Amino acid sequence: MKPAITYRLIVLLLLSLFAGNANGQNMVPNGDFEYYTTCPTATTQITRCVGWQKYHVGTPDYFNLCGTSSVGVPSNMYGYHYAASGNGYVGFATYNYPDTIYVDSCYKEFIARDIIPMTIGKLYEVSVSVSLASLSAYSTNDLGVWFYDVGIPILSVLQMHLPVTPQVSYTSYGAVTNTTGWVRLSETFVADSTYDNIVIGGFGNHTTTYANTTGISGWNTAYYYVDSVVVKEATGVGINYTDSILCIGDTIHVPYTVYVGGTPFNSGNKFILQLSNTSGSFSTPIVLDSVTSTTSGAITAVIPTSIIPGAGYRIRVISTSPGYVSKDNRKNIAIATHPASVSASALATILCSRDSLQLYGSSTTSNVSYMWSGPSSYTSTAQNPIIYNAATSASGKYLLTVSNYGCKTKDSVTITVNPSPNVITASYNSPLCEPDTIKLFSTNSSSGVTWGWTGPSSYTASLQNPIRPASSSSMAGKYYVTATASNGCKAKDSVDVTVKPLPANFSATTNAPVCQNSTVNLYGNTTSSGVTFSWSGPSFSS
């Protein structure tokens, strides 16, 4: 028979005082669910277990050897199971199917109680024993523990999912499906507040993956028994490393923190920095470096050239005396090689304004990204960018950064853009007919330029406005003018010159002489087509 309630409360008080003053002791009073006010006689009677209660409107259950058949031990309405220790345990649902009456389709139950307050900055080991009830048709992978100082308000009956992130998650264990024995779940975390309350349950929302338990046809629910809840200050080592990209040959600096809640570290202890394989497994870890110490510190190492590039690496620190293993850095690290044979070049490194500036980037490493930066805040992610109509302000150094998973190799090329002469416009004295003089014109350019004209029939001239007398049809065509500055930069334009031919084989005849009052006939002749005729004479035009 269990002791009287007054005696049990005294025992609990003594346990609490002892837990608060001795390292390694359980900070959860009645964590094995042995003490009760009255034996359970039906489901939902969690409050009969001393100190424990439900958290929000869910209805967890208390089971004990002294309970009636529906809430007894080992036999009860959810299955058949002995306690992990003593005579009692609790149970709660983490899923119910079909689950359509709740706004997030997620029926869940949680157990809660007050605990010995935690100390900020200390490492705590949080452990529970769980087993899937043998009549459960489902299991979940979202078991966890949430600690709080001030809890969230009681949720409405239409919402069972707790909108919190538990400090301790057991999802790495997968969905617990053992129905014949107890599975011990254990994780550590560093307290960031003086937490004095604990909540245990399934913290996934409606997107949690639920696995159908093979061969069980019972309750359409995932129902778990829980026993032996222990929260105690732990001895161990932790790391705080946030980088997600490393490069082969880079130096890595990893701070580690020592937590001494039980057995202290011995003289000669080594802290060893380990690297996982490309999939995050430490089955055959790579030792990066180590230090001999018993206190917090840091380990500095170099990523070996023998590392295989990959995106799923993790790091951790282990100790040798006693042997502890830190949690890994909790996110994947990409380790890559620096891009090889990186080259920045240009089609021309000296050019003139209004020219096109063509840059070229290259690397013998495949699947890399390119980034150019240069004068006047220029940037481009193209491998071979072009700057059209470059101005003199484009002169300067262009830096090429080639990245491979964040590992960078750089090169640069220096470009000089000289000023070009002012823009010019070419023209001529249109219209022209043979044998008129061709007069070529160019608008003024910058001072100090030299001029050059070229044209049909090997024509050249070195004047700004040259002439070409006695034009003929062979002189028709495109004429080019160039104004050249002392730096060799040029301004160019062209004009198409048309020289119209005279009518061919032209002749004029008449029937003269004629007598007075007779008709004078005038005749114009040419072998050219499309011509018009015009006559003028004494007191006559036609």
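The model is predicted: local features need pLDDT of at least 70, side-chain atom pairs count only at pLDDT 80 or more, and totals for chains, interfaces and linings use all residues. Residues are numbered from 1 along each chain as its sequence is written, and side-chain values use heavy atoms, with hydrogens and water left out.

**Nonpolar cores**
- The largest nonpolar core has 39 residues. Such a core is a set of buried Ala, Val, Leu, Ile, Met, Phe, Trp, Tyr and Cys residues joined through side-chain atoms within 4.5 Å. Buried means under 20% relative accessible area, exposed over 50%, partly exposed in between (1.4 Å probe, protein chains only).
- Met-118, Phe-147 and Ile-198 have the most contacts inside this core.
- Strands that each supply at least two of its residues include β5 (88–96) and β14 (221–233). Strands (E, at least two residues) are DSSP runs, numbered from the N terminus.
- Another core, of 23 residues, lies apart from it and includes Ile-248 and Phe-265.

**Ile-200**
- Ile-200 is in strand β12 and counts as buried, at 4% relative accessibility.
- Lys-54 is 146 residues from Ile-200 in sequence, but 9.8 Å away in space, C-alpha to C-alpha.

**Open sheet**
- Three strands form an open sheet in the order β16-β23-β21, with mixed pairing. Two strands pair if DSSP finds at least two bridges between them.
- β16 (245–247) and β21 (310–313) each have a single partner strand, so one side of each lacks a neighbour in the sheet.
- β16 and β23 run parallel, joined by three bridges.

How values were computed. Helices (H or I, at least four residues) and strands (E, at least two) are DSSP runs, numbered from the N terminus.
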